[in-house]
Amino acid sequence: SYTTDTKSRGENKKTLESLYSLSVDITKIRRLKEWVLLQDEAYVKELAGILREMGADETTVANIVERCPEAILHTPEEINSQRTLWQLVCQNEKQLVKLIEQFPESFFTTEHHQNQKANILFFQELGLKNNIITRFLTSAPNIFYNPVEKNKNVIETLQRNYLNLGGSEANMKIWILKLLSQNPFILLNTSTAIQENLEFLQKNDFTDQEVLQLLSKLKGFIFQLNSTTMQKSMLFSKNIFKCSDQELKQLVLKCPALLYYSVPVLEERLEGLLKEGISIAQIRETPMVLELTTQIVQYRIKKLSALGYDIKSGNLESLNGTKKDFEVTFGKIQSKKERPIFNPVAPLHIED
């Protein structure tokens with residue numbers, strides 16, 4: 001909505017002077033978003049005043065403007081409206097200033113103010129804690145731009161399906177809140193897409209209980225897929241592992257990544273494992289290894305090899321898990337290797 005024609009207009013001298021007085025690095029703004037400096041109207045002093053009122057020091061004010069120069073184009077009314085809105089979920093203004101400094105773009109998106117407000121109130125009614133809503137505002141701000149009816153519709157679809165799949169009324173709220181906390185981007189999907197993906201799983205003979213299990217394991221990512229890509233990924237796995245439909249189903253339940261990742265991703269990861277001398281049989285035994293990128297697998301194999309651990313002859317469990325899980329496994333193997341292999345009470349044979 002702002003002009004970017006830098007040739008026809010010069011920089012606004014008043015804006016420059018105001019920015020200099022705040023010790024803002026103008027070269028950063030020129031490099032990032034020079035068009036901001038060309039606007040006739042800017043509210044530099046007003047913005048700085050509001051931020052100071054909230055407890056921000058000079059350095060913080062300068063940081064915010066350098067990271068999000070378009071903040072100076074918002075009127076004091078718009079900024080104060082956002083301030084009031086975010087105060088609904090922030091503990092105090094100190095926390096709010098910290099969030100604005102870390103995520104200025106999220107805070108200074110004022111175009112969807114009414115939707116943002118309606119969604120914050122809806123999430124609070126739903127039972128989401130304020131710290132979770134705050135996390136959404138900073139890491140997934142676009143879910144607040146939807147009309148609240150759209151988000152309500154998605155939640156109702158999830159609730160209905162949870163009950164239809166045999167989930168209990170008593171656990172439904174906890175399940176929904178956990179799903180949302182793990183993956184708020186579920187709300188960017190349509191109710192139809194959610195319905196279609198669940199029907200796809202049922203058509204592929206997953207029982208209601210298994211579908212619920214998959215939903216929990218996939219942290220809601222299943223709703224960002226479509227039946228075509230899931231079908232292709234399952235067919236690819238079936239051919240690679242040479243298994244029956246029932247065996248494939250068990251593999252998917254063990255490792256939902258076989259459903260979630262596209263064929264090119266699975267191919268690349270499989271190839272990386274085979275290059276390391278790992279067999280298809282080993283991968284079939286521990287398919288969760290396909291959840292790791294090729295780089296992570298290579299790094300972990302290298303670390304284990306340095307301890308003399310041969311991954312080709314062992315099972316792949318030691319490669320699995322998060323970074324923390326792997327460090328624990330590695331530590332156990334390391335301490336086992338370092339432990340002296342002798343009996344302290346056995347007599348020593350010393351040559352004369």
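Reader: What separates K275 and E271 in helix 17?

Author: About one helical turn, because K275 and E271 are four residues apart in helix 17 (residues 263-275). Helices here are DSSP runs of H or I with at least four residues, strands are runs of E with at least two, and both are numbered from the N terminus. This is a predicted model, in which local features need pLDDT of at least 70 and side-chain atom pairs count only at pLDDT 80 or more, while totals for chains, interfaces and linings use all residues. Residues are numbered from 1 along each chain as its sequence is written, and side-chain values use heavy atoms, leaving out hydrogens and water.

Reader: What makes the contact of K275 and E271 a salt bridge?

Author: The term requires a side-chain nitrogen of Lys or Arg within 4 Å of a carboxyl oxygen of Asp or Glu. For K275 and E271 the N to O distance is 3.9 Å, so the pair meets the cut-off. Side chains of opposite charge can pair when their charged atoms come close.

Reader: Why is K275 called exposed, and what is E271 called?

Author: Buried means under 20% relative accessible area, exposed means over 50%, and partly exposed lies in between (1.4 Å probe, protein chains only). K275 has 68%, so K275 is exposed, whereas E271 has 48% and is partly exposed.

Reader: How many salt bridges does a search of the whole structure find?

Author: The search finds 11. Among them is the bridge between K33 and E70, at 2.8 Å from N to O. K33 lies in helix 2 and E70 in the loop between helix 4 (58-67) and helix 5 (76-86), so this bridge ties together parts 37 residues apart in sequence. K33 is partly exposed at 21%, while E70 counts as buried at 18%. A network of salt bridges links E53, R83 and E93.

Reader: Why is the pair of F123 and F144 called edge-to-face?

Author: Rings of Phe, Tyr and Trp (its six-membered ring) pair if their centres lie within 6.5 Å; planes under 30 degrees apart count as stacked, over 60 as edge-to-face and the rest as tilted. The centres of F123 and F144 are 5.4 Å apart and the planes stand at 90°, so the pair is edge-to-face. F123 is in helix 8 (residues 113-126) and F144 in the loop between helix 9 (130-139) and helix 10 (148-164), 21 residues apart. F123 is buried at 0% relative accessibility, and F144 is buried at 0% too. Ring pairs join F122, F123, F136 and F144 into a cluster.

Reader: What makes K303 count as lying over the face of F330?

Author: A charge sits over a ring if NZ of Lys or CZ of Arg is within 6 Å of the ring centre and within 35 degrees of the ring normal. K303 is 4.3 Å from the ring centre of F330. R269 likewise lies over the face of Y261, at 4.4 Å from the ring centre.

Reader: How do you know that C68 is too far from C90 for a bond?

Author: A disulfide is a pair of cysteine sulfur atoms within 2.5 Å. The closest cysteine sulfur to that of C68 is in C90, 17 Å away, so a bond is ruled out. C68 itself is buried, at 1%. C243 is in no disulfide, as the nearest cysteine sulfur, that of C255, is 12 Å away. A search of the whole structure finds zero disulfides.
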